Amino acid sequence: MMNNFLSTLFDLFFPPTCSGCKNLLLQNERAFCTQCKIDLPKTNFHDDPENNVNKLFWGKVKVEASTAFLYYNKKGIVQEMIHSLKYKSNKLTGQTLGNLLGLQLNESENFKNIDLIIPIPLHKKKLRLRGFNQSEEIVKGLATSMNRPYNFNCIERITERETQTNKSKFYRWLNMKDVFVVVNKEPLAGKHILLID
């Protein structure tokens, strides 16, 4: 009861704002407002086997299916949400986005056989600096809406590389070679894995 009182008091002096448009949130809104939720630029790649994300892997890695939830535009609401998650430690934004993605994937034949959800890990140095892995927050929301287990301890990032932000697709691919290692194989054996980045 004391926690609810403190939370209400905190919200009175520091009212929560939408991580997309920065407007004040209504009482029943979480992380972002209803209008931003409606305006999310969804790709709908989850049902298209020839989507642009799948094509990135053709001839390189065999994957059953891949998708991207939203289109990213500079200065758009998705950029605002991602920045809120990554740089302002707004974990609720990641969990909410993951939850919405999970609801979408639940409707897709391509993702119905998922057994386990795993986030791409951060290097230990970056994890210490940031304090959390944003992909883990997305996975938490995703696992809730898909009703699937997750594991944060199967893969480790063993090499820290420079930022991928300004690299071409080819150099991004090269930059990630030999960066990750499986450290716990047992939970992965015989499973259909959904890997989240």
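Rings of Phe, Tyr and Trp (its six-membered ring) pair if their centres lie within 6.5 Å; planes under 30 degrees apart count as stacked, over 60 as edge-to-face and the rest as tilted. With that rule, the structure has 2 aromatic pairs. This is a predicted model, where local features need pLDDT of at least 70 and side-chain atom pairs count only at pLDDT 80 or more, while totals for chains, interfaces and linings use all residues. Residues are numbered from 1 along each chain as its sequence is written, and side-chain values use heavy atoms, with hydrogens and water left out.

Take Phe 45 and Tyr 71. Their ring centres are 5.9 Å apart and the planes stand at 80 degrees, so this pair is edge-to-face. It links distant parts of the chain, 26 residues apart. Phe 45 sits in the loop between helix H2 (34–39) and helix H3 (52–57), and Tyr 71 in the loop between H3 and helix H4 (77–87). Helices here are DSSP runs (H or I, at least four residues), numbered from the N terminus.

On accessibility, buried means under 20% relative accessible area, exposed over 50%, partly exposed in between (1.4 Å probe, protein chains only). Phe 45 is buried at 10%, and Tyr 71 is partly exposed at 42%.

Next, Tyr 150 and Phe 152. The centres of these rings are 4.7 Å apart with planes at 25 degrees, so the pair is stacked. Tyr 150 is partly exposed at 39%, and Phe 152 is partly exposed at 24%.

Now the cysteines. A disulfide is a pair of cysteine sulfur atoms within 2.5 Å, and the count comes to 0 disulfides. For Cys 18, the nearest cysteine sulfur is that of Cys 36, 3.6 Å away. Cys 18 is buried at 0%, and Cys 36 is buried at 5%.

Technical notes. Helices (H or I, at least four residues) and strands (E, at least two) are DSSP runs, numbered from the N terminus.
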